[in-house]
Amino acid sequence: MKICCLSCSAIILLLCFARLSSAQNVELWGVNYSTSTTILSRPASSITGSLPSELMLFTSLTDLNLVNNLLSGTIPTQIGLLTTIGSIALDNNLISGPLPSELGVLSSLTSLNIAGNKLDSQFPSEIGRISNLNRISLFSNVISGVIPMEIGNLRFLKYIDIGGNKLSGKIPSEIGLLNLLTAIYFDGNLGISLIPSQIGALNSLQTFFISANNITSIPITLCRVSSLRRLLL
């Protein structure tokens with residue numbers, strides 16, 4: 001159903017901007033860009049307002065970097081139209097609202113960085129569909145709920161930082177399937193209560209931060225992770 005809704009949104013958006021698209025140029029933040037642009041990078045440029053809907057016309061975009069600006073509003077659901085995107089970097093802005101489930105259709109995405117914002121939804125299970133994802137950085141937001149078991153589908157994941165949020169419950173046992181993981185930062189959520197024994201299967205893990213939570217016991221299997229170099233309980 002969500003995919004159908006996304007298709008409807010795509011049709012409406014493309015109709016609305018057909019004239020712009022045929023011109024092959026779009027003005028964003030005072031600069032003209034070709035809609036065939038592959039890398040759009042404007043870090044620390046004092047950009048304000050919300051993410052413009054015109055971004056969705058950049059159907060060849062592979063790298064979006066808008067870190068350290070003053071962007072506000074929500075992430076539009078139409079972000080699922082950027083099917084070639086490999087890296088999204090929106091760290092240190094004022095973006096609020098949910099992480100759209102439409103992120104789950106971005107099969108080319110390898111790096112998702114939206115740390116230091118005001119995201120206040122639950123962790124969407126649809127992120128587990130981004131099969132090529134190797135880095136997630138969402139620390140210092142207001143994301144709540146539990147870590148979804150679908151995270152176990154991210155077999156290429158090497159780095160995850162979701163510290164400094166409001167997550168609770170147990171770490172899903174499926175995390176033990178992520179044998180490429182080198183760094184886990186779950187610290188500062190206050191509500192995470194259980195580390196599964198499957199953590200001992202992470203033979204590449206070098207960093208594991210889980211402090212400032214509600215952990216009452218540590219699985220003995222953690223001692224088997226010979227690669228571990230930094231542990232913060």
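**Exercise 1. Find which residue lies over the face of Tyr159, and at what distance from the ring centre.**

Solution. Arg135 lies over the face of Tyr159, at 4.2 Å from the ring centre. The criterion asks for NZ of Lys or CZ of Arg within 6 Å of the ring centre and within 35 degrees of the ring normal.

The model is predicted: local features need pLDDT of at least 70, side-chain atom pairs count only at pLDDT 80 or more, and totals for chains, interfaces and linings use all residues. Residues are numbered from 1 along each chain as its sequence is written, and side-chain values use heavy atoms, with hydrogens and water left out.

**Exercise 2. List the aromatic pairs of the whole structure and classify their geometry.**

Step 1. Rings of Phe, Tyr and Trp (its six-membered ring) pair if their centres lie within 6.5 Å; planes under 30 degrees apart count as stacked, over 60 as edge-to-face and the rest as tilted. The search returns 2 aromatic pairs.

Step 2. Tyr159 and Tyr185 are 5.7 Å apart, centre to centre, with 50 degrees between the planes, a tilted pair. Tyr159 belongs to strand β13 (residues 159-161) and Tyr185 to strand β15 (residues 183-185), 26 residues apart, and the pair links distant parts of the chain. Strands (E, at least two residues) and helices (H or I, at least four) are DSSP runs, numbered from the N terminus.

Step 3. Tyr185 and Phe209 have ring centres 5.0 Å apart and planes at 75 degrees, so this pair is edge-to-face. Phe209 sits in strand β17 (residues 207-209), 24 residues from Tyr185.

Step 4. Tyr159, Tyr185 and Phe209 form one aromatic cluster. Tyr185 is buried, with a relative accessible area of 14%; Phe209 is buried as well. Buried means under 20% relative accessible area, exposed over 50%, and partly exposed in between (1.4 Å probe, protein chains only).

**Exercise 3. Give the strand order of the open sheet of 3 strands and say which strands stand at its edges.**

Step 1. The order is β12-β14-β16, with parallel pairing. Two strands pair if DSSP finds at least two bridges between them.

Step 2. β12 (144-145) and β16 (191-194) each have a single partner strand, so one side of each is left without a neighbour in the sheet.

Step 3. Strand β14 (residues 166-170) is joined to β16 by 3 bridges. Lys170 has Leu194 in β16 as its bridge partner.

**Exercise 4. Describe the hairpin formed by β1 and β2.**

Step 1. Strand β1 (residues 25-28) pairs with strand β2 (residues 31-34) in the antiparallel sense, over 4 bridges. The partner of Asn25 is Ser34 in β2.

Step 2. The hairpin leaves 2 residues between the strands, and Trp29 in the turn has a positive phi of about 55 degrees.
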